[in-house]
Amino acid sequence: MKFYNCMLLLSLVLCVSAQNWFTDAGSFIRDAYRGAGDMWRAYRDMREANYKNSDKYFHARGNYDAAQRGPGGKWAAKVISDAREGWQSDVSGRGAEDTRQDQEANAWGRSGGDPNRYRPEGLPSKY
């Protein structure tokens, strides 16, 4: 009887301390959704600013903001960045070097690096 009581108590402790996969999945999806919004905001700001040599800054900023959301945001940033760069290298004709530099800025932002590393001088403080 003591064995069963101990097993029951141990099971309760483990169940209470175990992570809830359903909650974790919901958090991942929420973070991914919000991270995609961060990527969109950076893209919209880049288009609005229309500032010479600011492309890498907005890449880094969008990835940074999305990754700060958590694993879902980081995942969304990687998927969106890779898809955009894949499309851009095939369609836009900007070349492999531009794609490599964009991906470097993307990775820098996703890893928590300060996006201001890529900020061009004179870009309005609004961005």
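Guide: Let's go to a nonpolar patch on the surface, formed by Phe28, Ile29, Trp75 and Val79. Together these residues have about 400 Å² of accessible area. Helix H2 (21-49) and helix H4 (71-91) are the elements that give two or more residues to the patch. Please keep in mind that this is a predicted model.

Take tryptophan 75, which has its place in helix H4. Its relative accessibility is 47%, so tryptophan 75 counts as partly exposed, since that class lies between 20% and 50%. Phenylalanine 28 also counts as partly exposed, because its relative accessibility is 32%.

Now look at the rings. By the rule used here, there are 4 aromatic pairs. One of them joins phenylalanine 28 and tryptophan 75: the ring centres are 5.8 Å apart, with 50° between the planes, and the pair is tilted. This pair links distant parts of the chain, with phenylalanine 28 in helix H2 and tryptophan 75 in helix H4, 47 residues apart.

Another pair is formed by phenylalanine 58 and tyrosine 127, and this one is edge-to-face, at 5.9 Å centre to centre and 75° between the planes. It too links distant parts of the chain: phenylalanine 58 belongs to helix H3 (residues 55-67), tyrosine 127 to the segment after helix H5 (96-110), and 69 residues separate them. Tyrosine 127 has 10% relative accessibility, so tyrosine 127 counts as buried; the cut-off for buried is under 20%.

Over the face of tyrosine 57 lies arginine 119, at 5.0 Å from the ring centre.

Finally, step back to the whole chain. The chain has 5 helices and 0 strands, and from the N terminus on its elements run α-α-α-α-α. Of its 127 residues, 33% are buried. Among contacts with a separation of 6 or more, 70% come from residues 24 or more positions apart. The chain exposes about 8,600 Å², and carbon and sulfur atoms supply 60% of that area.

Methods:
Residues numbered from 1 in each chain as written. Predicted model: local features only at pLDDT ≥ 70, side-chain atom pairs only at ≥ 80, totals over all residues. Heavy atoms only, no water. Patch = residues over 30% accessible without salt bridge, like charges linked within 9 Å, V, L, I, M, F, W, Y side chains within 5 Å. Areas by Shrake-Rupley, 256 points an atom, 1.4 Å probe, with all protein chains shown as cover. Salt bridge = Lys/Arg side-chain N within 4 Å of Asp/Glu carboxyl O. Helix = DSSP H or I, 4+ residues; strand = E, 2+ residues; numbered from the N terminus. Buried < 20%, exposed > 50% of the residue type's maximum accessible area, 1.4 Å probe, protein only. Contact = heavy atoms within 4.5 Å. Phe/Tyr/Trp six-rings, centres within 6.5 Å; stacked < 30°, edge-to-face > 60°. Lys NZ or Arg CZ within 6 Å of the ring centre and 35° of its normal.
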